[in-house]
Amino acid sequence: MKVFSNISREARFLFRQKHLLGILSVILLLSIFSVWSGLSEMESQSSTIERLQEKDRIDRESVLAKQSDYGSAAYYSFHLTYSEPSKLAFAAIGQRDVYPWKHRIRMLAIEGQIYETDADNPELSFLGRFDFAFLASVLLPLFVILLLHDIRSSEREAGRYDLLITTAVKQKYLWFPRAFVLSSALALALLAPFIVGAFISGASLVDIVLICAVVMAHSVFWTLLIVWYTSIKSVASQSSTQIASVLLSAWLVVTVLLPVSSDVVIDKLVSSPSGGDILLLQREAVNDAWDLPDEVTWRAFLATHPQWKDHIDMGPTFEWKWYYAFQQVGDQKAGTLSQAYQNATLEKDGLAKRFALLSPPMLTQQLMSSFAKTDTLAAMQYEQDIRAYHNALRQFYYPLMFTRAEYSLATMSEIPEFSQYITK
Amino acid sequence: MSAVSQITRDEWRFWRRTKTATIILFIGTLLTIISAVVNTIKMEDATHERHHLQQASESRFLDQPDRHPHRMVHYGHYVFRTPSPLSIIEPGVDAFTGTSIFLEGHRQNSAMFSDQRQASGMTRFSSLTPSFLLQVLVPLFVILIGYACITREKEAGTLNIMITQGVNLWHLLVGKYLALVASGLLMLTPLIVASVWATTTGEPLMLTSSFIAGYVLYILIWSGIVLIVSALSKKSSASFATLVGLWIVLCILVPRMGSSSAAIIAPSLGKLESDFAVFEALRKLGDGHNAADPAFEQLKKNLFAKYGVDKVDELPINFRGTVAQYSEQKLTAVLNQFAEQRMQEELSQAQIARQFGWLTPTTAIRSFSMMIAGSSLETHHRFLREAEKLRFDFVQSLNQIHQDTLDYKADMNRHNDDKSARVSASNWQVLSEFSFTTDTPTTRLSNSIPYLLQLLFWGLIVVFGIRVAVRGISQ
């Protein structure tokens, strides 16, 4: 019971101070704004996907009705792919404003299409979004510093320090409850709007608990750091502002200097092929195929699709199967480069995760966006889903084209749907 | 005036003695120097690389063998945006927009491969650009150096002594102010050096000097804020807490709230969604690959009347080329209309975010700096427009060759006799050279005026605030 009475004493003492209540209510308002703007952003993304699905379906139906062979059907019909925001995405927009989350593809070479982005307004991305993860990773330490840096020194400056020390049974009964009350009040102001928002968006209890745990762990880290730092003998004689300056520099090091320099290091460590080269290679391959003898295309195509070796006879005019075969060959030629490019992205992400261990704010941000599935890995997974779906389209069309099947809308209604290829 | 400079010198001497201020100044200056050097190297590399890629892409196009002209329309061409000289300090939206576009017939592709997409994701909050340091961190350094400049005198009781000794309050405040400004300017030196460097690489002096002037104004504003808060606070700790709070709000929160608000107030449809409307409109135009499409019936009739013939193969020109040219023109008009609409949407979002410059000097200096450096959204849009113009020109020139040079009968027989349905590679010379240059100095200066006004507005607030502070102390 002693612990409880210590805490309630400190709470009564602290909440009588007007400026503390002021700071806490500002933090509460910020958190409300971040949650609200995140919710409305994700709401609009979800409804965009819904609208797109509808438009995509109508568009494709009208296109398919006008076709008379599978080759043109594949050429003129587009297919929507999308990455639905998770229920937690409102809290951590993560990389969702840099990587695409919606894409329309068709059966041409995938390497020529996959890098097209329907990205957000670059100026808004440059300014950065104000989401809950930003609040919890970058700003939270500043709030903790603001609230706790003078935990001891304010008493000293008010002349009460020695009195408090001598009357307290043990020092830790004095400073820990105070730090505990302040940081839990802060965590409450931050997390309450998040929890409400999470219920509105329908996030699972486990996810909510995970995010709360990350935020609280981050807040505990800074609280302990400050309590420890202010207890150092040589620091005891410093003024509140001197202590705060040192803590601010610590914040600067972990939120600005470490990420920035690790970015430079990661860039040096991982060599990635330039994206433009993939496109160039793919384009050369596809365009040259028109001038090459048919056998060259067929040889490369049959190497990966031997089952069609008896169906490569060419008629007197243009043949769609040959056209799609050299699209496939274009992808195969660019394959190595494209794989290296994807691997480089993954490798950079892996290194970034390791460097983030040095920086609690970065770690918080990464954990949150990985729970919210808005991180680079989620974006890469979406790209994999698109590739899998694109491949399924090919597997659907190839038999129809190579056997010169009669075009029928009934067959077309069996075309694979993207929703079957979404990795959960 | 000597009283003022005496106070300034005393303040500097105090900072030298206390070490903390010296350390902060040293770190701040060192950081800006490092970032300026790193960024200069990076931008120089990018310029060289993109320039090189541009030339490689052009020569590759020219080196293509004899072909059917429409094949070259689909072969396409790449253009690259070279960064402006001042982007060594203010890269602006450069890292967030793609810097290359693939140009081909019948389509307007978006810019691809933005740096951020290839980055490690560590630089979403901060970046090692001089502009981030100067706009966000230097104010913090000025705060750390100067939060106690007046409160210190109050706490030690020296302020009252000075007043009773007849020191003019204005002299005192201006003296302290100049000391703060000087420390801010010291951290600005790398920017000045880099601007001079940009001037030698072809940036007009008028621009670089207004660039520097903008940042000096920003330093003046923040030094003023620090001075005012310190003068109005009773204790150093209160001054410190207020200033750090202000810094969080003005430098970090408000700019981001601006961008979040803009996305909510003016939601944009996104390219994918507006493309449905584009496709809808395009389908009405007919397929330019198919000269028999009923959409080109009128065109055919007009040509028959003009040349007095009644069969397509009697025309002295290749009708398929004419159709390609005709439909490309119609299609481009539609595409441009939608592209313009989209750029307008983006611009109005950006405008909303930039209005937050009235609420924080950080957004004001950021917009100003992007405008002057020529790394703003507007410049990127101009790149898109110029790329589109180049696309349209080379596609139409190829279609012209298709119409005038390639025999219609050979063209119709192309599936059987591929060799005769080609034109000489010398025709590929129609591709004009692409070199993207930054906006003209007048455009950049006039674009920056609204944000200069925002900065001046903040300057006025600071002047007003200092007057209030003087009155506050003398009471």
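Visitor: What should I know before I start?
Guide: Residues are numbered from 1 along each chain as its sequence is written, and chains are lettered from A in the order in which they are written. Because the model is predicted, local features need pLDDT of at least 70 and side-chain atom pairs count only at pLDDT 80 or more, while totals for chains, interfaces and linings use all residues; side-chain values use heavy atoms, leaving out hydrogens and water.

Visitor: How much area do the two chains bury between them?
Guide: Buried area is the accessible area (1.4 Å probe) that two parts lose on being put together, summed over both. Chain B and chain A bury about 7,700 Å², 62% of it on carbon and sulfur atoms. On the chain B side, B:R117, B:M122 and B:F276 supply 12% of the area that chain B buries against chain A, more than any other three residues.

Visitor: How many salt bridges cross the interface?
Guide: A salt bridge is a side-chain nitrogen of Lys or Arg within 4 Å of a carboxyl oxygen of Asp or Glu. The rule finds 7 across the interface of chain B and chain A. A:R51 forms a salt bridge with B:E273, and their closest N and O atoms are 2.6 Å apart.

Visitor: Which residues touch the most other members of the largest nonpolar core?
Guide: Such a core is a set of buried Ala, Val, Leu, Ile, Met, Phe, Trp, Tyr and Cys residues joined through side-chain atoms within 4.5 Å. Buried means under 20% relative accessible area, exposed over 50%, and partly exposed in between (1.4 Å probe, protein chains only). The largest core has 141 residues, and A:F132, A:L139, A:F194 and B:W247 touch the most other members. A second, separate core of 55 residues includes A:W308 and B:F113.

Visitor: Is A:S137 buried or exposed?
Guide: A:S137 counts as buried because its relative accessibility is 0%. Helices are DSSP runs (H or I, at least four residues), numbered from the N terminus, and A:S137 is in helix α5 (residues 132–148) of chain A. The side chain of A:S137 reaches the backbone oxygen of A:A133 at 2.7 Å. Leaving aside neighbours within four places in sequence, A:S137 is in contact with A:H218, A:P361, A:T364 and A:Q365.

Terms used: Helices (H or I, at least four residues) and strands (E, at least two) are DSSP runs, numbered from the N terminus. A polar contact is a pair of N or O atoms within 3.5 Å; within protein, one must be able to donate a hydrogen and the other to accept it, and residues adjacent in sequence count only if both atoms are side-chain atoms. Contact means heavy atoms within 4.5 Å.
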